[in-house]
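This briefing reviews selected local features of the structure shown below. Please read it alongside the sequence and the coordinates.

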Amino acid sequence: MSQTPSSSDRLDCDLLLEGGVVITLDGKRRVLDGGAVAVADGRIAAVGDSGELRELRKTAGKVIDCRGKVVLPGMTDGHTHLFQSLGRGLGDGMTLVPWLQRFMLPYSKAITREMSVAAVRLGALQAALSGTTLVVDNHYAPTDTETILAVADAVEEVGIRGAIARGIFGEMNPGGELMGVDPDLFALTNQDELDITAECMAERPRGGLVEVWPCPENIVYVWPELIEAAAEMAEAAGVRWHMHCSEVQDEISFFTEVHGTRPVAWLAERGLLSRHTTLAHAVWLDPDEVAAMGAANATAVHNPISNQYLASGVLHLDPLLSAGATVALGSDGVAVAGQDIFEAMKAGMLMHRVASLDSTATTVEQFLELGTLGGAAMTGLDAGSLEPGRAADLVVVDVSGVRHTPWSRPVASVVHSGSAADVEMVIVAGEVIVEDGRSTRVDEDEVRAVAAEAAAQLFGRARLSDLARDWQ
Ligand SMILES: [Zn+2]
């Protein structure tokens with residue numbers, strides 16, 4: 001398909017963004033100064049120089065002046081927990097197991113459907129305002145059908161795309177006991193978990209703005225048959241499946257004690273690695289596991305802020321990419337200080353440099369690719385770059401301020417100096433969902449007020465108030 005319409009084509013467009021620096025992420029990685037993007041019927045219709053696309057002004061429903069701005073593909077948050085948004089700032093200075101036991105598991109037990117939806121609306125709004133156009137939201141409290149569908153509705157209300165990865169615990173099992181997971185979380189039978197997941201997936205199938213995916217919570221503490229069933233359900237429905245895997249070193253020992261082999265090696269042996277497999281973290285892999293991830297084109301979601309916050313470890317980034325695995329970026333949610341993909345790009349780029357004591361270990365271009373193309377590859381969405389025919393998921397970033405002056409390298413400026421605060425416009429499936437840095441879909445003050453009220457109730461119910469103090 002040509003990049004621009006020929007003069008004989010007559011192309012109507014809904015939106016024409018012109019005059020900006022367009023970072024296309026296309027096959028040639030073109031960066032167009034004074035570029036333009038035309039959007040029609042929810043897809044990108046043309047990309048080129050503003051002069052070349054000037055004709056489209058006549059038919060454009062709306063012309064957006066992008067001078068002083070950068071136009072980027074929308075970013076994917078490949079792993080987050082929007083329901084944890086009420087826990088912002090709590091649970092600091094712990095490693096994963098105490099973080100779960102003292103903070104997140106009591107939080108998850110106490111949260112009600114109403115509180116959870118309030119948190120998801122807040123988190124989805126923050127994602128949208130940060131230029132994230134697709135979230136993979138691992139939702140694990142509560143997980144009844146009505147709540148999962150309400151979560152999907154809340155994400156759709158904000159206007160971003162979503163994959164609600166429904167958390168599956170199932171019945172208590174040896175890995176859960178070894179890891180000291182609260183037995184109360186294993187509240188449903190294995191069959192109930194599968195039935196509820198199937199029901200939610202049928203309501204929110206592949207192809208809508210928001211899908212539901214199966215998500216065994218963690219490879220250590222979910223029964224193997226549930227993991228196998230989740231993978232089968234996902235393949236049959238044409239969606240991905242998601243799971244926490246090999247995040248911290250202790251999990252490898254717990255898993256090996258129960259199963260006699262390492263987690264990803266076990267997935268490979270059972271034929272559970274494929275392009276449908278999306279593993280959150282996948283930090284502690286041995287070389288054979290890296291090779292297996294690559295051979296299957298499975299996804300590792302890299303959560304650099306979370307991995308540093310909890311001191312979990314450093315993903316084998318280059319080996320995974322070289323082996324052929326997909327790598328996407330995730331925030332892992334605000335309860336581990338993961339705010340958005342701007343922060344994830346910068347933090348990720350830097351952590352590998354210091355971990356390897358090699359400042360050439362990563363590049364800004366590579367991390368922009370992980371945040372855009374990586375997320376699209378992970379989810380199977382035809383997006384992640386600005387090319388005709390792709391989904392019209394775009395972000396317009398204001399680079400006219402002090403932080404981006406002087407203006408020299410567009411990608412370096414976005415990754416080194418960019419921030420969610422620069423996001424001026426967000427377009428999802430051709431619809432402007434953020435304009436002038438404000439949501440066009442929801443009343444931000446109302447979303448914040450409802451979330452603050454829910455947080456106050458939750459802190460009481462879960463006895464989290466002790467965590468809400470500085471200088472503890
Ligand atoms: Zn997580």
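**Salt bridges across the chain**

R43 is partly exposed, at 39% relative accessibility; this class lies between buried (under 20% relative accessible area) and exposed (over 50%), with a 1.4 Å probe and protein chains only. The model is predicted, so local features need pLDDT of at least 70 and side-chain atom pairs count only at pLDDT 80 or more, while totals for chains, interfaces and linings use all residues. Residues are numbered from 1 along each chain as its sequence is written, and side-chain values use heavy atoms, with hydrogens and water left out.

- A salt bridge is defined here as a side-chain nitrogen of Lys or Arg within 4 Å of a carboxyl oxygen of Asp or Glu. By this rule, the count comes to 29 salt bridges.
- R43 forms a salt bridge with D382, and the closest N and O atoms are 3.9 Å apart. R43 lies in strand β3 (residues 43-49) and D382 in the loop between α13 (364-379) and β14, so the pair ties together parts that are 339 residues apart in sequence. Helices (H or I, at least four residues) and strands (E, at least two) are DSSP runs, numbered from the N terminus.
- D382 is partly exposed, with a relative accessible area of 35%. A network of salt bridges links R43, D382, E387 and R390.
- E228 forms a salt bridge with R270, with 3.0 Å between the closest N and O atoms. This pair links distant parts of the chain, 42 residues apart: E228 is in helix α6, and R270 is in the loop between α8 (263-269) and β11 (277-281).
- E228 counts as partly exposed at 25% relative accessibility, and R270 is partly exposed with a relative accessible area of 42%.
- D422 forms a salt bridge with R403, the closest N and O atoms being 2.4 Å apart. D422 lies in the loop between α14 and β15, and R403 in the loop between β14 and α14, so the pair ties together parts that are 19 residues apart in sequence.
- D422 is buried, with a relative accessible area of 10%, whereas R403 is partly exposed at 43%.

**Negative patch on the surface**

- E171, D192, D195, E199, E203 and E225 gather in a surface patch of negative charge. Such patches are made of residues with over 30% relative accessible area and no salt bridge, with like charges joined within 9 Å.
- Asp and Glu count as negative and Lys and Arg as positive, while His and the chain ends are not counted. The place of a charge is taken as NZ of Lys, CZ of Arg, CG of Asp or CD of Glu. Accessible areas come from the Shrake-Rupley method with a 1.4 Å probe, and for residues only the protein chains shown count as cover.
- Helix α5 (residues 190-203) supplies the largest share of the patch, four residues. D192 lies in helix α5 and is partly exposed, with a relative accessible area of 34%.

**Buried residues and their contacts**

- H302 is placed in strand β12 (residues 299-302) and counts as buried at 0% relative accessibility.
- Leaving aside residues up to four places away in sequence, H302 touches N307, L315, V327, A328, L329, G330, G348, M351, H352 and F367. Contact means heavy atoms within 4.5 Å.
- A230 is placed in helix α6 (residues 224-237) and is buried, with a relative accessible area of 0%.
- A230 touches P214, P216 and W241, again not counting residues up to four places away in sequence. The C-alpha atoms of A230 and T372 are separated by 26 Å, and these residues are 142 apart along the chain.

**Backbone features**

- The peptide bond from A141 to P142 is cis, with omega near -20°. P142 lies in the loop between β7 (132-139) and α3 (145-158).
- A cis peptide bond also runs from T405 to P406, with omega near -5°. P406 lies in the loop between β14 (394-398) and α14 (410-417).
- N297, a residue other than glycine, has a positive phi near 55°. N297 is in the loop between α9 (287-295) and β12 and is partly exposed at 33% relative accessibility.
- A429, also a residue other than glycine, has a positive phi near 50°. A429 is found in the loop between β15 (423-428) and β16 (431-435) and counts as partly exposed at 31% relative accessibility.

How values were computed
Patch = residues over 30% accessible without salt bridge, like charges linked within 9 Å, V, L, I, M, F, W, Y side chains within 5 Å.
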